[in-house]
Amino acid sequence: MSSMMQGTTDNGLLLPVQDEDGRPFWEFAARGELRVQACADCHRLRFPPRPCCPRCQSFAAEWHRVSGRGRVWSYALPHPPLLPAYAEQAPYNVVVVELTDAPGIRLVGNLVAAPDAALDSVDPSRLRIGAPVRVAFAELAPGVTVPRWLLERP
């Protein structure tokens with residue numbers, strides 16, 4: 001059984017699960033780097049991280065640094081929130097960002113006004129499909145840093 005980190009922060013926000021394949025992603029995020037897993041043989045980028053390349057079936061992997069720039073591919077405003085910590089911040093957004101320098105790679109997160117801002121810090125009327133964004137990192141709990149997204153042109 002692989003070791004996993006799961007649970008909630010002191011204020012009730014969910015923490016990401018870190019499995020063996022994805023652990024490097026979270027370690028790089030803690031250093032303020034956005035990296036994506038790639039096949040070491042055919043060099044195809046893949047996300048989410050997994051043990052085998054879907055293209056060539058190689059088990060060799062490496063991690064490529066990406067610029068952290070992207071565009072909002074999709075978004076949602078969850079209603080009604082199911083967990084109390086999220087209900088307090090509603091309405092908040094959940095965005096899917098497609099990376100500019102890694103087309104086809106999409107990450108889920110939140111669009112915020114500043115790295116440590118609350119999930120509801122961006123007015124929902126400012127959300128637009130195609131809006132340019134850049135990554136920022138926030139420490140949710142000791143040892144747990146997550147990527148968040150900032151509008152390129154606020």
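Predicted model: local features only at pLDDT ≥ 70, side-chain atom pairs only at ≥ 80, totals over all residues.
Residues are numbered from 1 along each chain as its sequence is written; local features need pLDDT of at least 70, side-chain atom pairs count only at pLDDT 80 or more, and totals for chains, interfaces and linings use all residues. Side-chain values use heavy atoms, with hydrogens and water left out.

View 1. Glu 33 sits in the loop between α1 (23-30) and β1 (35-39); helices (H or I, at least four residues) and strands (E, at least two) are DSSP runs numbered from the N terminus. Glu 33 is buried, at 13% relative accessible area (buried is under 20%, with a 1.4 Å probe and protein chains only). Its side chain makes a polar contact of 2.7 Å with the side chain of Arg 35 (N or O atoms within 3.5 Å, one able to donate a hydrogen and the other to accept it; residues adjacent in sequence count only if both atoms are side-chain atoms). Leaving out residues up to four places away in sequence, Glu 33 touches Phe 28, Arg 65 and Phe 137 (heavy atoms within 4.5 Å).

**View 2. The largest nonpolar core.** This core has 25 residues, and Leu 34, Val 95, Leu 99, Leu 111, Val 133 and Trp 149 have the most contacts inside it. A nonpolar core is a set of buried Ala, Val, Leu, Ile, Met, Phe, Trp, Tyr and Cys residues joined through side-chain atoms within 4.5 Å. The elements giving two or more residues are α1, β5 (94-99), β7 (132-141) and β8; α1 supplies the largest share, four residues.

**View 3. The second core.** A separate core of five residues includes Leu 13, Tyr 86, Tyr 92 and Leu 119.

Notes: Buried < 20%, exposed > 50% of the residue type's maximum accessible area, 1.4 Å probe, protein only.
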